[in-house]
Amino acid sequence: ILKVKGRTIMEVTADPEQAPNYGALCVKGRFAYDFIQHPDRLKRPMVRKNGVLAETSWEEAVVVAAKGMFDLKSMYGPDSIAAFSCARATNEENFLLQKFMRTSIGTNNIDHCARL
């Protein structure tokens, strides 16, 4: 539950009646929301054109990224590609990343910054 004042997030809480956490949040889930308002945060997709990053549509960004990965996989094989996930991502997002890498790319080269 986001408690917002204007366009600023003031507090993050969880519903005590909602499974699976019943109101409990980890430290990052409860307090690590300052990056949402950070001035350096990207808000639109960007691609490199003639050596310079330029804003583009989501459709073009996805096509450029997919072509780049397809080209790498074709030239060097699936194990030439790796994924590194972020602790700011949800469990569901991290699950989707590893599933994508294993099923679509064909590699187990996956890591996470919170790995011990």
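Select threonine 56: at 15% relative accessibility it counts as buried (buried is under 20% relative accessible area, exposed over 50%, partly exposed in between, with a 1.4 Å probe and protein chains only). This is a predicted model, where local features need pLDDT of at least 70 and side-chain atom pairs count only at pLDDT 80 or more, while totals for chains, interfaces and linings use all residues. Residues are numbered from 1 along each chain as its sequence is written, and side-chain values use heavy atoms, with hydrogens and water left out.

**Around threonine 56**

Threonine 56 sits in the loop between strand 4 and helix 2 (58–76). Helices (H or I, at least four residues) and strands (E, at least two) are DSSP runs, numbered from the N terminus. Show side chains. That of threonine 56 makes a polar contact with the side chain of glutamate 60, at 2.2 Å. A polar contact is a pair of N or O atoms within 3.5 Å; within protein, one must be able to donate a hydrogen and the other to accept it, and residues adjacent in sequence count only if both atoms are side-chain atoms. Beyond its neighbours within four places in sequence, threonine 56 contacts Pro45, Met46, Val47, Lys49 and Ala61 (contact means heavy atoms within 4.5 Å).

**The hairpin**

Next, select residues 46–49 and 52–55. These are strand 3 and strand 4, which run antiparallel and are joined by four bridges. Two strands pair if DSSP finds at least two bridges between them. Pick valine 47; its bridge partner in strand 4 is alanine 54. Two residues lie between the strands of this hairpin, and asparagine 50 takes a positive phi near 55 degrees.

**Along helix 2**

Go to aspartate 71, in helix 2. It counts as partly exposed, at 28% relative accessibility. Its side chain joins that of lysine 67 in a polar contact of 2.7 Å.

**Tyrosine 33**

Tyrosine 33 is in the loop between helix 1 and strand 3. It counts as buried, at 16% relative accessibility. Not counting residues up to four places away in sequence, tyrosine 33 touches Ile9, Met10, Glu11 and Val12.

Turn to the open space. The largest pocket holds about 730 Å³. Of its 28 lining residues, Cys26, Gly29, Ala89, Thr90 and Asn91 are the closest to its centre. On a 1 Å grid over the protein atoms alone, a pocket is an open set of points where a 1.4 Å probe fits, with protein on both sides within 12 Å along at least five of seven lines; lining residues have an atom within 4 Å of a point. Colour strand 2 (8–12), helix 1 (27–31) and helix 3 (91–105): each supplies at least two residues of the lining. Helix 3 gives the most, with three.

Last, select Leu42, Pro45 and Trp58, which line the second largest pocket. About 230 Å³ of space lies there. A volume is the space filled by probe spheres set on the points, and grid points are joined across faces, edges and corners.
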